[in-house]
Amino acid sequence: MNNANELIRPFSDFNKSISENMRKLKEETGKKMIGYDCTYVPVEMILAADMIPVRMLSYPQTITLADASLQSFSCNICRSYLDQLLRGQLQYLDGLVTPKVCDTLQYAHDIQRRHRCVDFDYFLQLPAETSSDASRAWWEQELKLFKEALENFSGNKITDEKLADAIKLMNKIRKTLRDIYRIRVEKTPAIYGYQVLEVILAVMQAPSSDYVLKLEKLRDDLQEMEEISRDKIRLMLIGSTIDFTELELLKEFESSKGIFVTDETCTGMRWIMKDADTSGDPFRSILDSNWYSGFCAAKYPSDIRFDNIKKLAETAKVEGAVIILEKYCDPFGFAVPDTKKLLNNMGIKTLFIEASEVGALGQVKTRAQAFFEMIGGV
């Protein structure tokens with residue numbers, strides 16, 4: 001679509017052969033790999049235990065083995081995770097960490113545990129309520145147990161020094177990604193939203209200092225690049241985990257009149273917008289940075305998330321918002337009416353798309369064109 005394709009090639013090439021690249025990385029480093037499937041999992045602790053955190057992602061492939069264990073009304077994200085595990089596509093993983101965010105994810109984790117897909121499986125008891133001292137104390141205790149479990153499995157002590165180094169690394173990655181987001185927001189972007197998604201998905205697979213250098217180069221090069229057409233309609237993407245399954249959908253919007261200049265997703269701003277403090281006790285920093293990033297629809301109360309959506313939309317000066325709901329996802333589904341109401345009250349048009357394995361791109365294209373006409377950009 002534009003010259004940014006060349007800039008993101010190191011990331012997109014990695015995504016094309018993830019399984020092969022991850023197996024190669026495992027052989028080169030000799031480190032254990034721990035899969036995780038939620039933004040709330042503190043990847044810094046996994047890094048501090050000298051293991052590699054790997055974000056679990058869904059792919060647009062036919063679900064086979066998972067359908068024998070999960071009901072058809074389970075979301076495609078969980079079905080895809082489980083299917084990959086049962087089919088042996090993730091054999092490079094040594095462990096899996098799943099937090100309590102929804103019932104489907106909980107049972108998918110339990111199913112893979114019974115099948116013994118990995119050597120280490122950990123269910124992180126994540127409080128749903130985030131406003132009381134009692135729930136914060138619960139979360140603190142859970143993190144202590146999680147730290148102990150990682151140490152026992154890895155055989156490595158998570159020292160304050162190692163945890164502080166991991167915090168610095170992840171802060172650097174998040175900050176550089178936020179810089180790239182800011183470039184998209186402050187002017188007509190030089191990079192499409194789907195291209196930024198490809199970058200983040202690659203980094204999530206194995207965050208490292210190597211990626212810091214690549215991200216900084218991408219940021220610096222983007223500042224010098226020619227902007228994409230000013231005729232594009234500025235869009236905001238809202239959803240839960242937006243990954244390889246939805247990649248073609250984003251391309252469909254951006255090949256037409258739209259361009260995603262910001263997002264409110266688990267594989268976007270929710271993952272990068274909160275740093276951990278580097279001035280105090282590193283464990284407390286991890287505790288606070290996770291606790292106060294209550295931007296998920298599965299959290300109560302919801303005011304923090306809606307305030308964040310409003311702020312992101314205003315800062316990016318968006319004209320329209322595309323809400324992608326993973327079919328059968330109750331936490332985010334319940335929030336859709338209020339999300340639409342909030343944005344409509346701001347004068348921002350919304351388009352709601354319910355997706356499982358996003359297909360029928362022809363229908364999406366038709367709806368996108370009608371959406372752009374409603375905004376007045378055609």
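**Before you start**

Residues are numbered from 1 along each chain as its sequence is written, and side-chain values use heavy atoms, with hydrogens and water left out. Because the model is predicted, local features need pLDDT of at least 70 and side-chain atom pairs count only at pLDDT 80 or more, while totals for chains, interfaces and linings use all residues.

Helices (H or I, at least four residues) and strands (E, at least two) are DSSP runs, numbered from the N terminus.

**Stop 1: helix 8 and helix 10**

Select residues 160-186, helix 8, and residues 209-224, helix 10. Their axes are 10 Å apart and pack at an angle of about 20°. Axes here are lines fitted to C-alpha atoms, for helices over the stretch in contact, and angles run from 0 to 180 degrees between N-to-C directions. Helix 8 and helix 10 are therefore roughly parallel to each other. (Under 35 degrees counts as roughly parallel, over 145 as roughly antiparallel, 65 to 115 as roughly perpendicular and the rest as oblique.) The crossing of helix 8 and helix 10 is left-handed: the near helix is turned anticlockwise from the far one by less than a right angle, whereas clockwise would be right-handed.

Now show the side chains. On helix 8, pick Leu 169, Lys 172, Ile 173, Thr 176, Leu 177, Asp 179, Ile 180 and Ile 183. They meet Ser 209, Val 212, Leu 215, Glu 216, Leu 218, Arg 219, Leu 222 and Gln 223 in helix 10. Contact means heavy atoms within 4.5 Å. By class, this contact of helix 8 with helix 10 has nine nonpolar, three polar and four charged residues. (Ala, Val, Leu, Ile, Met, Phe, Trp, Tyr, Cys and Pro count as nonpolar, Asp, Glu, Lys and Arg as charged, and the others, Gly among them, as polar.)

**Stop 2: the second largest pocket**

Keep helix 8 and helix 10 on screen. Each supplies at least two residues of the lining of the second largest pocket, as do helix 2 (9-16), helix 3 (18-29) and helix 4 (43-48). Helix 8 has the largest share, four residues. To centre the view, select Lys 31, Ile 52, Ala 206, Pro 207 and Ser 208, which lie nearest the pocket's centre among 20 lining residues. The space is about 470 Å³. The lining divides into twelve nonpolar, two polar and six charged residues.

On a 1 Å grid over the protein atoms alone, a pocket is an open set of points with protein on both sides within 12 Å along at least five of seven lines; a cavity is a set where a 1.4 Å probe fits but cannot get out; lining residues have an atom within 4 Å of a point. Grid points are joined across faces, edges and corners, and a volume is the space filled by probe spheres set on the points.

**Stop 3: the largest pocket**

Select Cys 75, Cys 78, Cys 102, Cys 329 and Pro 331, the residues nearest the centre of the largest pocket. About 570 Å³ of space lies there. Helix 5 (76-86), helix 6 (103-115) and helix 15 (330-345) each give two or more residues to its lining. Helix 6 gives the most, with five. By class, the lining has 20 nonpolar, seven polar and six charged residues.

**Stop 4: two backbone features**

Go to Arg 116, in the loop between helix 6 and strand 4 (120-124). Arg 116 is not a glycine, yet its phi is positive, about 55°. Next, find Pro 301, in the loop between helix 13 (282-291) and helix 14 (303-316). A cis peptide bond joins Tyr 300 and Pro 301, with omega about 0°.

**Stop 5: the cavities**

How many cavities of 30 Å³ or more are there? The count is six. Select Thr 39, Arg 174, Trp 271, Lys 274 and Asn 290, the closest to its centre of the 13 residues that line it.

The second largest cavity holds about 100 Å³. Its 14 lining residues include Tyr 181, Gly 193, Leu 197, Leu 237 and Asp 263, the closest to its centre. Helix 9 gives the most to this lining, with four residues.

**Stop 6: helix 11 and helix 16**

Finish with residues 247-254, helix 11, and residues 361-375, helix 16. Their axes come within 9 Å and cross at roughly 40°. That makes helix 11 oblique to helix 16. The crossing is right-handed.
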